[in-house]
Amino acid sequence: MTDVILSVAGITKTFPGVRALADVSFDVRAGEVHALMGENGAGKSTLMKVLAGLYKPDAGTITLRDEPVTITSPLVAREKGILLIHQELSLSPELSVAENIYLGAWPTNALGMLNKRKLRADAKAALDALGCDFGPDVRVGTLSIARQQMVEIARAQAFNADVVIFDEPTASLTDGERRQLFATIARLKSAGVGIVYISHKMDEIFEITDRITVLRDGQVQGTRITADTDLAGITRMMIGRDLASYFHRAREDFRDEVLRVEGLTHASLFSGVDLSVRAGEVLGLYGLVGAGRSELVETIFGLRHADAGRLIWKGQEIPFPTPRQAVDLGMALVPESRKEQGLVLGMGGRENVTLPHLAMFSSAGVMDRGREREVFDTYRDILDIKTTGPEQPVEKLSGGNQQKFVLAKWLCAAPSLIILDEPTRGIDVGSKSAIHELIAKLAEDGLAVIVISSEMPEVLGVSHRILTMTEGRISGSFTGDGMTEQALIDAVSQPANRAVQEDIA
Ligand SMILES: Nc1ncnc2c1ncn2[C@@H]1O[C@H](COP(=O)(O)OP(=O)(O)OP(=O)(O)O)[C@@H](O)[C@H]1O
Ligand SMILES: [Mg+2]
């Protein structure tokens, strides 16, 4: 099928100080999955928000099934058959699944009253069509991210959407949930729905998309048939150069042990975890999403209570710290979720980076603005953060650029141990290698680094040593030539209860 359902031409959108989209033309065909790619801040989400009625373009036309349309609100977009599934999910947690599906368009009876029965029945039909394992009455806040996503997709079903847009849908899904999502996408596709798919995960792009359009600085660089291109070609279009080397592993001259935990146990999350990391060393923690890695490091950092275990910090056993004490000791934890844990969205980048470390930037109660600005500039350059200036509120930044500020904030504390939880989630390929370089440099400078990653090439590329974690237990330990893709796959797919300490060298 090659019939175009939706096309846009000459779309331009400017925000104060930023030209987010410049003369963009793009189309979506029935029954295709069309990838939209580009660096952080390239304009992908903005273009999709224009289609979904969230932003009004400064210029340009949108054509839906050969008819020019004006999309003035999300409700209009939905009525016209365009549905956006957001980068950050946007459901109302207090409302039921059915209420969320029809939010803003609740069916009413002849008297204008909410027709609850119809609401439920219609929602149930939409959920059933998608094979969901939950009903219309469940409160959305109690569902996993993946199920919340299904609720959003059920909207597409309920409103008979012709075009469904996914903006980085797999960022927080487990592997199984991701497979389920791909099956749903395949189902939509065979029903003739046109799908726009945004992701920084190259493997997904090559697996499920038919065409790829690349945006750069708000301009279309070109559209390719997925089967006719490759990773290098797309990367070049995205960042305008070849990625010379992806990884730069730090030297292996480790110094004293910084952190050791023994027998760390949390009744419901993980048990009997032993690990240690030395100054100058990058320890990778690999596992599938849901294996307990985030919970483990949160416990070390004092965000969760340990039920058993010992913590040895720089050679001395200490009680498990509170997060404040952890920071004072010299630990930093860069969380995976920028929105809930990382940033104050209304504040500018400068404040977000420096606020937690006021002592560093003030003497006798006076802030050293120059020094603050210097630090801001340094991290903006190292991490290639796209912002109009130090005071631009971070909520105005693209998702990936927000993530970079979370990193900057913690690096700025000059810790002895830095724990990075999925440091490149939502980050484009070019900046990914900048972050990998930074990790190597931190280790060379003598920090102990723990990197949690679900991305195999990343964890293999940056780590000196890798522990695998499976269902709350350490399932393997690998160094040097033993760190291979196959070894990691085997280690995370074996049953968790197989005793594994014997594997550990
Ligand atoms: N509401 C807004 N106000 C001001 N600037 C904005 C707003 N929304 C987006 N921008 C700017 O527009 C540019 C494009 O952002 P957009 O979110 O579209 O990027 P993206 O391609 O989706 O990036 P990412 O991969 O990081 O999600 C960025 O420079 C961003 O800061
Ligand atoms: Mg985006």
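In strand β20, Ile452 is the bridge partner of Asp421; strands here are DSSP runs of E with at least two residues, helices are runs of H or I with at least four residues, and both are numbered from the N terminus. The model is predicted, so local features need pLDDT of at least 70 and side-chain atom pairs count only at pLDDT 80 or more, while totals for chains, interfaces and linings use all residues. Residues are numbered from 1 along each chain as its sequence is written, and chains are lettered from A and ligands numbered from 1 in the order in which they are written.

Strand β19 (residues 417-421) runs parallel to β20, joined by five bridges; two strands pair if DSSP finds at least two bridges between them. From β19 the chain passes through helix α16 (residues 429-444) to reach β20 in a right-handed β-α-β crossover, a term meaning that, with the strands pointing away from the viewer, the path from the first strand over the helix to the second runs clockwise. Strand β13 (residues 282-286) is likewise parallel to β20 and joined to it by five bridges, with Val282 partnering Val449.

Because six of the six residues of β20 (residues 448-453) are buried, the strand is largely enclosed by the rest of the structure. A residue is buried if 20 or more other C-beta atoms, placed from the backbone, lie within 10 Å of its own. Ala448, Ile450 and Ile452 point one way, whereas Val449, Val451 and Ser453 point the other way.

Finally, the domain assignment, which is automatic or from a database, gives domain 1 (4-239), domain 2 (243-330 + 415-505) and domain 3 (343-414).

Conventions: Buried ≥ 20, exposed ≤ 12 C-beta atoms within 10 Å, placed from the backbone.
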